[in-house]
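Please keep the model open while reading, and take the points in turn.

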Amino acid sequence: QKFNCKTASALYHFQNSINIAFRPLGPVDSNHSYCGYPALDLTPEEVVEEQYLLDFVAWPETSLQGVSFRQSSDPAHSFFVILGSDGDFRVGEQLEVLVHMHDFQGQPKQHGGDFLLARVHSPELKAGSAGKVVDHQNGFYSVFFALLWPGEVRVSVTLVHSSEAVQVLKRLREEHPDRVYFKSLFRSGYFTETTQCNLCLSAHEPLCNFTDPHTGEPWFCYKPKLLSCDTRVDHAKGGYQKRLISSREGLLFQSDINIKIPLLASGTDRVTVKPQESKDKWELERNANSDVIKFTPSGFYYQDVWKSTARLVVRQFNDTSITQCLHGKVVYLFGDSTVRQWFEYLNDVVPDLKEFHLGSPKKVGPFLAVDSVHNIMLKYRCHGPPIRFSTVAANELRYVANELEGIVGGKDVVVAITIWSHFSTFPVEVYIRRLRNIRRAVLRLLDRSPGTLVVLKTANVQELTPEVSLYNSDWFSLQLDSVLRSMFRGLDVVLVDAWEMTLAHYLPHALHPPPIIIKNQIDVFLSHICHDRRS
């Protein structure tokens, strides 16, 4: 009874440090299911859609049983051939490349499943566009490119992961969705406790259930020993599980050996493209046979400027024209740090846009910038958990779907959303559920305010190391990106194709693309807001 508060607090911290010392640093159990997502709450239509999406992104199975590292795909022994490379090529036509994969013993692969990325480019013109890879399931792959500018065009094909490595990534996604874990601080007076949190936790210990009542999105933390669940004050990334794969599997993830390694050409790796025989050399031939053109990218770079292959005319915006475009507009940016780059770019470039400091952590938000002269308001808020930011206040954890419900909308309101990177460790069903909630909210917003512009920014490619590959591989991102495009196809929303805009560019891949790519993304974004009525 004679102890004062400070003494009690010190004794409690000592006791808590002992408890923590004997508690495992990582997740208690390996979770083999995505907890909190009962299939019973899906409608029959949602069950059908989910199965369709899972089938849509299904990857070819490759057995690792009895397969040695030397039998895995080797980019050094593999090659590609440009079909008809000595022929005549013109702008608007298609280029086809055949890829043949071999293992480290030089033997041809007999099955598919390798993850390849491809582009055509002209370095001296700062031009580039993405290609489409078709897996023939027998060690051969076709890659299709649209020829969109004249001059010497080079082909680049890259092995991101071997088919054997992809099988490891698939296993990790299903068996270790908690390989990135989270934590929350609970506080009451002088007492504090930190416990582990995640979408799925073992029920062997008491849990705090922070499932969102509106969207049903689940989130749990282990209950503090002494404090109640309602004393949670923040959310943060806890860390990464280690020793996830065996030493044998680790051989499949080696920098400079089999992660993002370019394939060499058998023969020439380039063709000369002649101008199109028409007035407009930048447009694809609209009257060409549809079965001849097997792939048209969303756009391409020329002189470091992105040009759309659709009807959108991408304008080049400077600080003055951005201000004119956004005059009288309210712009909401929701999502991860790759859309936070949009906020940072606009905040830096627009001269009269002044950030209103809300006391938010620098890389977390929320952020607000206002141009009172031109009546512009720009807002950024990160999406709800899972979010791997350093520390987010508990009362700032907001789900995008709930935020959309609070927007009035209208012709002067723009909403941009990107959500993908922080879902890479979870089964695809988790991402489908999150997008389903966002899609419902988008449709309700467009119903009550049809003039609202909704923009979706896709995933982008990034630099991969052996460790990053296990948590944030481009293969995970591609799967999520395919789901996003499918779920929003046909709706009254527009897409900023960050995937192709990062893949087609000559600069190295990065999770946070460099300024020149961000500028081009912003130009596409603003071109949708202020498109040329005459075009």
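1. Some terms come first. A residue is called buried when its relative accessible area is under 20%, exposed when that area is over 50%, and partly exposed in between, with a 1.4 Å probe and protein chains only. Helices (H or I, at least four residues) and strands (E, at least two) are DSSP runs, numbered from the N terminus. The model is predicted, so local features need pLDDT of at least 70 and side-chain atom pairs count only at pLDDT 80 or more, whereas totals for chains, interfaces and linings use all residues. Residues are numbered from 1 along each chain as its sequence is written, and side-chain values use heavy atoms, with hydrogens and water left out.

2. Helix α2, residues 44-56, has 13 residues and reaches 18 Å from its first C-alpha to its last, close to the 18 Å expected, where the expected span is 1.5 Å times one less than the number of residues. Within α2, the residues Glu 46, Glu 49, Glu 50 and Leu 53 are buried. They lie on the same side of α2, because they cover an arc of only 100° around the axis, the arc being that of the directions from the helix axis to the C-beta atoms. On the face turned away from this buried side, α2 carries the exposed residues Pro 44, Val 48 and Asp 55. The cover over the buried residues of α2 includes α8 (428-448) and α10 (474-488), judged by contact, that is, heavy atoms within 4.5 Å.

3. Two peptide bonds deserve a look. Gly 365 and Pro 366 are joined by a cis peptide bond with omega about 5°, and Pro 366 is found in the loop between β20 (354-355) and β21 (367-371). The bond from Pro 385 to Pro 386 is also cis, with omega near 5°, and Pro 386 is found in the loop between β22 (376-382) and β23 (392-393).

4. Lys 260 has a positive phi near 50° and is found in the loop between α4 (247-250) and β14 (261-262); Lys 260 is buried, with a relative accessible area of 18%.

5. Five strands form an open sheet of mixed pairing, in the order β6-β7-β3-β1-β15, two strands being paired if DSSP finds at least two bridges between them. At the edges stand β6 (132-135) and β15 (264-265), each with a single partner strand, so one side of each is left without a neighbour in the sheet. Strand β1 (79-82) runs parallel to β15 and is joined to it by two bridges, with Phe 80 opposite Ala 265 in β15.

6. A nonpolar core is a set of buried Ala, Val, Leu, Ile, Met, Phe, Trp, Tyr and Cys residues joined through side-chain atoms within 4.5 Å. The largest has 68 residues, of which Leu 404, Val 415, Ile 417, Val 442, Val 483 and Phe 488 touch the most other members. Helix α8 gives the most to this core, with 10 residues. A second, separate core of 44 residues includes Val 314, Phe 367, Leu 453 and Val 496.
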